[in-house]
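Me: I would like to learn how to read side-chain features in a model. Please take me through some of them.

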Amino acid sequence: MGKIIVSESVSLDGVMQDPTDGDTSFAGWFNQLTGKDREAWAEVQFEEALGAEAMLLGRRTYEWLVAKGWPTRTGGWADRLTGLPKYVVSSTLRELGWDNTTVLSGDVVDDVTKLRDAVAGDIVVNGSGQLVHTLLEHDIVDELRLMICPFVLGAGDGVFDRTGHRQTMRLMDTRTVGAGLVRLTYGAGSSDR
């Protein structure tokens, strides 16, 4: 049985929306990371990709990654992402622009639960705000990794928006990344996962 791991870069006030581009007034906030912090962030992301057995994405995040050229990039990180099985939750996606992609178009909770049962290892979710909210709402997240970026935005969708109920998480790890980032890792509240 696999583990659903939500891994998000968020602002200090918990915003995950529009980190690199978008049509909001705070869009592109992640692009303020430069130098050693950006390099350290990329190293952690590559390390996470090496430890994953699959990626789980929402349609918009998948299309954004394809549009940004990830399927044609080269190098260790890009090669790893291209080689990983990718599962995209969507009822509308028709064109697959990346190798090893499967569309999950049924009931999200059922499809992701079956995926977790079928994959032995980490299934990493990046971005995919709407999907993340659904997974959290239905207690399907086994681990939550938050890369806290030192920016306060004051507005925008957060990881825990619309979860609908109280959730208990267990702190598993804290890690300083670069000079200004912190990665917090939490496990689901139940110890039987």
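Predicted model: local features only at pLDDT ≥ 70, side-chain atom pairs only at ≥ 80, totals over all residues.

Me: How many salt bridges does a search of the whole structure find?

Reply: Side chains of opposite charge can pair when their charged atoms come close. A salt bridge here is a side-chain nitrogen of Lys or Arg within 4 Å of a carboxyl oxygen of Asp or Glu. The search finds eight salt bridges. One of them joins the side chains of E48 and R145, with 2.9 Å from N to O. Helices (H or I, at least four residues) and strands (E, at least two) are DSSP runs, numbered from the N terminus.

Me: Which other residues form a salt bridge with R145?

Reply: D122 does, at 3.8 Å from N to O. That pair also links distant parts of the chain, with D122 in strand β5 (residues 122–126) and R145 in strand β6, 23 residues apart. E143 is another partner of R145, the closest N and O atoms being 2.8 Å apart. K3, E48, D122, E143, R145 and R183 are linked in a network of salt bridges.

Me: Are E48, D122 and R145 buried or exposed?

Reply: Buried means under 20% relative accessible area, exposed means over 50%, and partly exposed lies in between (1.4 Å probe, protein chains only). E48 is buried at 7% relative accessibility, R145 is buried at 13%, and D122 is buried at 18%. E143 is buried as well.

Me: How many aromatic pairs does the structure hold?

Reply: Rings of Phe, Tyr and Trp (its six-membered ring) pair if their centres lie within 6.5 Å; planes under 30 degrees apart count as stacked, over 60 as edge-to-face and the rest as tilted. The structure holds four aromatic pairs. Among them is the tilted pair of Y62 and W98, with 6.3 Å centre to centre and 35 degrees between the planes. Y62 is in helix α2 (residues 59–67) and W98 in the loop between β3 (86–89) and β4 (101–104), 36 residues apart. Both Y62 and W98 are buried.

Me: Why is the pair of W70 and W77 edge-to-face?

Reply: Their ring planes stand at 65 degrees with the centres 5.0 Å apart, so the pair is edge-to-face. W70 is buried at 10% relative accessibility, whereas W77 is partly exposed at 21%. F30, W41, W70 and W77 form one aromatic cluster.

Me: Which charged residues lie over the rings of W70 and W98?

Reply: A charge sits over a ring if NZ of Lys or CZ of Arg is within 6 Å of the ring centre and within 35 degrees of the ring normal. R73 lies over the face of W70, 4.2 Å from the ring centre. The charged end of K86 sits over the ring of W98, at 4.7 Å from its centre.

Me: Where is the place of F26, and which residues does F26 touch?

Reply: F26 is in the loop between β1 (3–11) and α1, and is buried at 13% relative accessibility. Contact means heavy atoms within 4.5 Å. Not counting residues up to four places away in sequence, F26 touches V15, Q17, D18, L153, A155 and G156.

Key
Residues numbered from 1 in each chain as written. Heavy atoms only, no water.
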